Amino acid sequence: MSAERTRQVEAIAHGTVIDHLPPEHTLKAATVLALPDDQIFIGMNFISKKGVAKGVIKIAGRELNQMSLSQLALMAPEATINIIRDYKVVSKQLISIPKSFDNIAKCSNPNCITNFQNCITKFEVIEKKPLVVRCFHCERSFQGDSLHLR
Amino acid sequence: MEFNGRHIVSLRDLSKEDLLKILSIAKNLEEKPQPDLLSGFLMATLFFEPSTRTRLSFEAAMSRLGGRVIGFADANSTSQKKGESLADTIRMAEQYADVIVMRHPHDGAARLATEVSGIPIINGGDGSNQHPTQTCLDLYTINKLFPNLIDDSDQLTVAFAGDLRYGRTVHSLFEALLHFNVKILTIAPKGLELPESFTQKATAKGITVTVVETLQEAAEQSDILYMTRLQEERFPDPVEFDHVKSSYRLNARMLKNAKESLRILHPLPRVNEIATDVDETEHAHYFPQAGNGIPVRQALLALVLGKIS
């Protein structure tokens, strides 16, 4: 890395950096992933090495749990997750898309039974790229990033 | 796949082999009625929204097999009105009955019911999503008229007319027909055309879907003309609805050059889309089609209750 490079978002000693987020989903992702006491840094519309606009979220002091990873997979399946320890990237991984998303999103079909009853939602992945999911209950298909998280 | 104890919720759950088994058992039950087959069994009909044909034909099917029926036909007379959850209503009903047939205004309600029910759930219609027993009876009707359907020996031309965008019976029958040797014609008002995804599914299976311009053309080119009702609420402009309604009215004159063997089906209720003079022609087959609901629903009940395997 070039010594002259200016850091655009504060470095974190330990924690998680979520990179290559679609800019339009970055704020939403930060809102969903943040816990009340989290220290979070957000960058939007940075230009990646490939010249594409992206968002970055840095969460200090912790790694994401399985629930957060699933939420992220639904919102931004192309994002990458870097684990930081002592200011160094110790692991860098792509998000893995699960076979189904259980109880993390609300069905966008206003007539779906899950919007009327207290029950667990489930979306089966029918296409990974672009991410398309189908509601297990009402059988409607949706783009992954169009769903509202619960 | 084993039918005993199985839920019948969606056409997606039924393979070609399953469909053929249902048709074959329905045929046997129609030819050789078994008035005591389900003696001692109780069916609960939970109809959270009104229905005429589905509920009556399920009740008739169960009664004619010697079984008995409990249930309700109006959610206002149940504890749902007091705020009881669907899951609790199902848990209660399974204590009383051996099989539940339900209709509900919300999409996915029958699937949700299967998550809490220890007895088979048969979906009698969930919102605008699925109505699998209607599809089975439609398929049974077509196969009775054209037995070559299931052995794939002759290609059958099936025309779908009306609201092809939202009509659940059209979507389900369309998917079921993709298992067989068919050619499909469609005719729909602007904005209510068949979704592209259905055409793509057919093309992937080597089945052609052709759009035709007039009902007369559809009638003249097909073996089965499957008519559906246009719903006024689908049209933002009432004037547009009136205009379309009159252009989507099949009458006896349009059938003058149709094949002698053409049969017209409709899931009913029909409103304006088929003139009553069509009823007098040999092509009208929508009432016998409704009657076929009995053997088909008998077959499904006997299968899920494990009395026929």
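How much space lies in the second largest pocket? In this predicted model, the second largest pocket holds about 930 Å³ of space. Its lining consists of 26 residues, and those nearest the centre are Glu139(A), Arg140(A), Arg12(B), His171(B) and Phe198(B). Several elements give two or more residues to this lining: from chain A, β8 (122-127), β9 (132-135) and β10 (141-143), and from chain B, α7 and α8 (196-204). The largest share, 4 residues, is supplied by α8(B). Rolling a probe the size of a water molecule over the atoms shows where empty space is left.

Chain B contains an open sheet of 5 strands with parallel pairing, in the order β7-β6-β5-β8-β9. At its edges are β7 (209-211) and β9 (263-265) of chain B, each of which pairs on one side only. On average, neighbouring strands of this sheet are turned by 20° against each other, direction ignored. Within the sheet, strand β5 (residues 156-161) of chain B runs parallel to strand β6 (residues 182-187) of chain B, and 6 bridges join the two. Opposite Thr157(B) stands Lys183(B), a residue of β6(B). Helix α7 (residues 168-177) of chain B, which also gives residues to the lining of the second largest pocket, lies across β5, β6, β7 and β8 (224-227) of chain B. The direction of α7(B) is at about 165° to β5(B).

A further open sheet in chain B is formed by 4 strands in the order β2-β1-β3-β4, again with parallel pairing. Here the edge strands are β2 (68-72) and β4 (121-126) of chain B, and each pairs on one side only. Neighbouring strands of this sheet are turned against each other by 15° on average, direction ignored. Strand β3 (residues 99-104) of chain B pairs with β4(B) in the parallel sense over 4 bridges. Met102(B) has Asn123(B), in β4(B), as its bridge partner. Helix α3 (residues 86-96) of chain B lies across β1 (42-47), β2, β3 and β4 of chain B and runs at about 150° to β3(B). Strands of a sheet pair through backbone hydrogen bonds, either parallel or antiparallel.

The loop between β4 and α5 (132-145) of chain B contains Gly127(B). With a relative accessibility of 16%, Gly127(B) counts as buried, because the cut-off for a buried residue is under 20%. Apart from neighbours within four places in sequence, the contacts of Gly127(B) are Asn111(A), His104(B), Pro105(B), His106(B), Asp107(B) and Arg168(B). Asn76(B) is 51 residues from Gly127(B) in sequence, and the two C-alpha atoms are 17 Å apart in space.

A search of the whole structure over all chains finds 0 disulfides. In chain A, the sulfur of Cys135(A) has its closest cysteine sulfur in Cys138(A), at 3.8 Å, which is too far for a bond because a disulfide requires the two sulfur atoms to be within 2.5 Å. The sulfur of Cys138(A), in turn, is 3.7 Å from its closest cysteine sulfur, that of Cys107(A), and this distance is also too far for a bond. Cys135(A) is buried, with a relative accessible area of 1%. Cys138(A) likewise counts as buried, at 1% relative accessibility.

Backbone geometry was examined next. Most residues other than glycine have a negative phi, and most peptide bonds are trans. A cis peptide bond joins Lys129(A) to Pro130(A), with omega at about -5°. Pro130(A) is placed in the loop between β8 and β9 of chain A, and both of these strands give residues to the lining of the second largest pocket. In chain B, Leu268(B) and Pro269(B) are joined by a cis peptide bond with omega of about 5°. The loop between β9 and α11 (286-291) of chain B holds Pro269(B).

Positive phi values occur in residues other than glycine, among them Asn45(A), with phi near 60°. Asn45(A) is in strand β2 (residues 39-47) of chain A. Tyr87(A), also not a glycine, has a positive phi of about 65°. Tyr87(A) is located in the loop between β4 (80-85) and β5 (88-94) of chain A, and at 60% relative accessibility Tyr87(A) counts as exposed.

Methods
Residues are numbered from 1 along each chain as its sequence is written. Chains are lettered from A and ligands numbered from 1 in the order in which they are written. This is a predicted model: local features need pLDDT of at least 70, side-chain atom pairs count only at pLDDT 80 or more; totals for chains, interfaces and linings use all residues. Side-chain values use heavy atoms; hydrogens and water are left out. Two strands pair if DSSP finds at least two bridges between them. Axes are lines fitted to C-alpha atoms, for helices over the stretch in contact, and angles run from 0 to 180 degrees between N-to-C directions. Contact means heavy atoms within 4.5 Å. Buried means under 20% relative accessible area, exposed over 50%, partly exposed in between (1.4 Å probe, protein chains only). On a 1 Å grid over the protein atoms alone, a cavity is a set of points where a 1.4 Å probe fits but cannot get out, and a pocket is an open set with protein on both sides within 12 Å along at least five of seven lines; lining residues have an atom within 4 Å of a point. Grid points are joined across faces, edges and corners, and a volume is the space filled by probe spheres set on the points.
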